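Subject: Structure for you to look at

Hello,

Here is the structure I said I would pass on. Please open it first, then read the notes below with it on the screen.

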Amino acid sequence: MDKITILWADDEIDLLKPQLLFLEEKGYDIIPVTNGQDAIDTCAEHYLDIVFLDEHMPGLSGLETLATIKQTHPTLPVVMITKNEEENIMDEALGSQIEDYLIKPVNPNQILLSIKKIIDNKRLVSEKTNTAYQQDFQKIFEAFNTDLDHQSWAEVYRKLVYWELELGKSENNNMQEVFNMQKTEANVEFCKFITRQYHQWLKDPGSGPIMSHTLFSQKIIPALSAEQSTFVVVVDNLRYDQWKMIQPIIETAYRVVDDEILYSILPTSTQYSRNAIFAGLLPSEIEEHYPEYWKNDEDEGGKNQFEKELLAAQLDRANLDIKFSYTKVSSQQQGKNLEDNILNLLHNTLNVIVYNFVDMLSHARTEMEVLKELAKDESAYRSITRSWFEHSSLHNALKKLTDKNINLIITSDHGTIRVKQPVKVIGDRNTTTNLRYKHGKNLNYNPKEVFEIRDPKDFFLPRPHVSSRFIFAKNEDFFAYPNNYNYYVNYYKDTFQHGGISLEEMIIPLVTLTAK
């Protein structure tokens, strides 16, 4: 390993010879200077690993020197050293992105500890993360090979998301491969669990988790209050790991009261799961009671055009005579309108906001090469989601509510999974085009490769034709027709899809927050 080079700027540098000698004996190269301008010049002339900077120097002060260094070397770690303990000085230095802050007199061990924290922190954190995951690896395997219920599976998935994010920071490819194998195995077992339990959940909602069609009745309606406006934000296609990426941004202004889990119904697609959310009914029930609001896959026109009407009907069935709003954002202008008008919604008891960006991102990634590169894997996909939210009109709108007495619920209708393994399916021209579920009259497939529903009505799904049946892709599979098979496999492999059964698609965030 190359020697660490440290620049130390202090107008009393001669008095620091013991500290400098101590560091040299530890194997560090030290460049001493006595003023801010020399420090700036040295940064331009040498490759440095750390700068120790005295706050009180003649000419340019430490803070002025710091500002100039950061303009040209924004990632260079700087440690501020000063005799001054005034809070405003500390705040200004910390606001300028220093790595550490030491008060004179400093002893050699303090300096060494600061160096270790800065230089070795990433390596030490990586090693600790890898070791901790190795210790947890077997526990996770043992967990999802036991008889888990829906709550236990949610906890397994939470733990997998936690390690996925932590291992992503460590940049250990070998450990990442081990994790990917474990997540794949977890999905295999989760699919077995769903095929065993899903039907019972539909027949007896009390036996299962909060699901799309029970979200309002079990979670949102009980939270409504005449003294407080409730905002429900449904971010289309938001996975649980994506929520964990945007959570720190939201938590700057809001406090998480409950971090729960919602299970999406099947198919895990907007037409089915989001209509179920707002109707408070399963798809076949919507078709039966509100045929004017339901369209099947083969029908022309938008499939989610009547969410406000379905919500109004659900509130009416619950005997709730309240003022509510429904806002759908699918464009930049609609987002700007939300941002401008958010405060006007405070007089409503309930405000529902549907935000479509993440779903549009996943679909656009399939079609656009530049997005395939920008969101090439789960880590990049999460990163784009975080960047979008941080600069979004949704974030700006929520910031306007931070000093208001509101109840905020953030959730989604379904998630998405990166598909890798093609499964051959043959169907007629009326077969649905979705890659993770299909229904039609003449489907041919290997029953061992799919979750099949021969009687859709028994699973509260519409039955457009007497012989209609549904099949769902499991794990990381996607459906492909034999015609032009290789072309479509290459085109859709590694794209993000939804509609089937996986942890990523079915287990989605349900978070309640209040303003700090």
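Two strands count as paired if DSSP finds at least two bridges between them. With that in mind, S325 stands opposite N351 in β9. The strands concerned are β8 and β9 (residues 350-355), which pair in the parallel sense over six bridges. Please keep in mind that this is a predicted model.

First, the chain as a whole. There are 20 helices and 18 strands in the chain. Its C-alpha atoms fill a box of roughly 90 × 55 × 40 Å along the principal axes. Of the 516 residues, 53% are buried. Among contacts in the chain with a separation of 6 or more, 75% join residues 24 or more positions apart.

Next, the sheet. β8 and β9 belong to an open sheet of six strands, in the order β7-β18-β10-β6-β9-β8, and the pairing in this sheet is mixed. Its edge strands are β7 (254-263) and β8 (324-329), each of which pairs on one side only. From one strand to the next, the twist averages 15°. Helix α10 (residues 240-250) packs on the sheet and touches β7, β10 (406-411) and β18 (507-515). The direction of α10 makes about 170° with that of β7.

Then the cores. Which residues touch the most other members of the largest nonpolar core? They are F190, I194, Y198 and F278, out of 105 residues in that core. Helix α8 (residues 173-203) gives the most to this core, with 10 residues. Leaving out residues up to four places away in sequence, F278 touches F216, V234, E307, L310, L311, Q314, Y326, V352 and V354.

Last, a pair of helices. Helix α1 (residues 17-25) packs against helix α5 (residues 108-119) at an angle of about 45°, and their axes are 10 Å apart. Because of that angle, α1 is oblique to α5. The crossing of the two helices, α1 and α5, is right-handed. On the α1 side, the residues that meet α5 are Q19, F22 and L23. On the α5 side, they are P108, N109, I111, L112 and I115.

Regards

Technical notes:
Residues are numbered from 1 along each chain as its sequence is written. This is a predicted model: local features need pLDDT of at least 70, side-chain atom pairs count only at pLDDT 80 or more; totals for chains, interfaces and linings use all residues. Side-chain values use heavy atoms; hydrogens and water are left out. Helices (H or I, at least four residues) and strands (E, at least two) are DSSP runs, numbered from the N terminus. Axes are lines fitted to C-alpha atoms, for helices over the stretch in contact, and angles run from 0 to 180 degrees between N-to-C directions. Contact means heavy atoms within 4.5 Å. A nonpolar core is a set of buried Ala, Val, Leu, Ile, Met, Phe, Trp, Tyr and Cys residues joined through side-chain atoms within 4.5 Å. Buried means under 20% relative accessible area, exposed over 50%, partly exposed in between (1.4 Å probe, protein chains only). Angles under 35 degrees count as roughly parallel, over 145 as roughly antiparallel, 65 to 115 as roughly perpendicular and the rest as oblique. A crossing is left-handed if the near helix is turned anticlockwise from the far one by less than a right angle, and right-handed if clockwise.
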